[in-house]
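Let's read a structure together, one feature at a time. Have a look at the model first.

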Amino acid sequence: LGQTDYPDVEFHIVDNGTTDPQALAWLDRFAADPRVRVLRDESPFNYSALNNLAVAGSSGSVICLMNNDIEVMDAGWLRQMVSSLLQPGVGIVGCRLYYPDGTLQHAGVVVGLGGTAGHIFRGQKRDDAHYMHRPMLRQEYSAVTAACLVTRKEVYEQLGGLDTDFAVAFNDIDYCLRARKHGWK
């Protein structure tokens with residue numbers, strides 16, 4: 001909340017069986033903010049189902065899926081992502097994610113890379129321009145990671161959310177490919 005300058009946000013945090021007392025205390029403190037809602041779900045872990053639960057209770061027209069291990073590095077991150085999302089025909093936007101050592105974790109997903117789908121430029125140094133500065137430019141890819149993406153709620157609802165048959169992996173790839181099939185970038 002303190003590292004995001006986007007106005008009028010609501011956070012839906014899904015607690016999937018947290019038992020750590022420190023984490024539970026943190027959730028309680030965080031839930032005291034009127035912009036935050038903590039949802040508890042004790043069912044077996046299913047990334048798709050947990051995100052679908054959070055989105056179902058949201059009131060915004062833009063949805064951001066974000067893992068709990070993401071560290072915000074720039075207050076304008078959400079504003080930048082939403083500005084791309086609101087371009088005509090765009091249904092999903094991802095972002096660059098870095099590992100703690102400063103190497104690139106995610107800049108887009110290419111179907112076929114690694115046999116199924118893979119993160120392009122993974123492991124590149126932050127300041128490595130690579131070919132024509134590609135890792136640093138906004139561009140269209142086959143898919144983006146749901147570790148941090150924004151999507152239009154209308155797209156999420158049109159597609160029925162994340163497919164719960166993909167409980168842990170490839171739910172984001174499937175979502176992006178289905179969106180593309182429905183004419184969304």
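Q: Which residues is N171 in contact with, leaving aside its neighbours within four places in sequence?

A: Contact here means heavy atoms within 4.5 Å. By that rule N171 touches Y47, S48, L162, D163 and F166, once neighbours within four places in sequence are set aside. A word on the source: this is a predicted model, where local features need pLDDT of at least 70, side-chain atom pairs count only at pLDDT 80 or more, and totals for chains, interfaces and linings use all residues. Residues are numbered from 1 along each chain as its sequence is written, and side-chain values use heavy atoms, with hydrogens and water left out.

Q: Does N171 count as buried or exposed?

A: Buried means under 20% relative accessible area, exposed over 50%, and partly exposed in between, using a 1.4 Å probe and protein chains only. N171 counts as buried because its relative accessibility is 2%. In the chain, buried residues make up 40% of the 185 residues.

Q: Where in the secondary structure is N171 found, and how many helices and strands does the chain have?

A: Helices (H or I, at least four residues) and strands (E, at least two) are DSSP runs, numbered from the N terminus. N171 is found in helix α5. The chain comes to five helices and nine strands.

Q: Which residues have the most contacts inside the largest nonpolar core?

A: In soluble globular proteins, nonpolar side chains tend to be buried together. A nonpolar core is a set of buried Ala, Val, Leu, Ile, Met, Phe, Trp, Tyr and Cys residues joined through side-chain atoms within 4.5 Å. The largest one here has 20 residues, and L65, I92 and Y175 have the most contacts inside it. At least two of its residues come from each of α2 (47-56), β3, α4 (153-159) and α5 (171-181), with α5 giving the most, four residues. A second, separate core of 14 residues includes V82, L85, C95 and A147.

Q: What does Y175 touch, not counting residues up to four places away in sequence?

A: Y175 touches I92, T151, R152, V155, Y156, L159, G161 and L162.

Q: What is the strand order in the open sheet of three strands?

A: Strands of a sheet pair through backbone hydrogen bonds, either parallel or antiparallel. Two strands pair if DSSP finds at least two bridges between them. The order here is β3-β9-β4, with antiparallel pairing. The edge strands, β3 (62-66) and β4 (92-94), each pair on one side only. From one strand to the next, the twist averages 20°. Between β3 and β9 (residues 148-152) there are five bridges, and C64 has V150 in β9 as its bridge partner.

Q: Which helix packs on the sheet?

A: For angles, axes are lines fitted to C-alpha atoms, for helices over the stretch in contact, and the angles run from 0 to 180 degrees between N-to-C directions. Helix α3 (residues 77-85) packs on the sheet and touches β3, β4 and β9, its direction making about 40° with that of β9.

Q: How do I read the β-α-β unit, and which elements make it?

A: A crossover is right-handed if, with the strands pointing away from the viewer, the path from the first strand over the helix to the second runs clockwise. Here β1, helix α1 (residues 21-31) and β2 make a right-handed unit. Strands β1 (residues 11-15) and β2 (residues 36-40) run parallel, joined by five bridges. I13 stands opposite V38 in β2, while D15 stands opposite R40.
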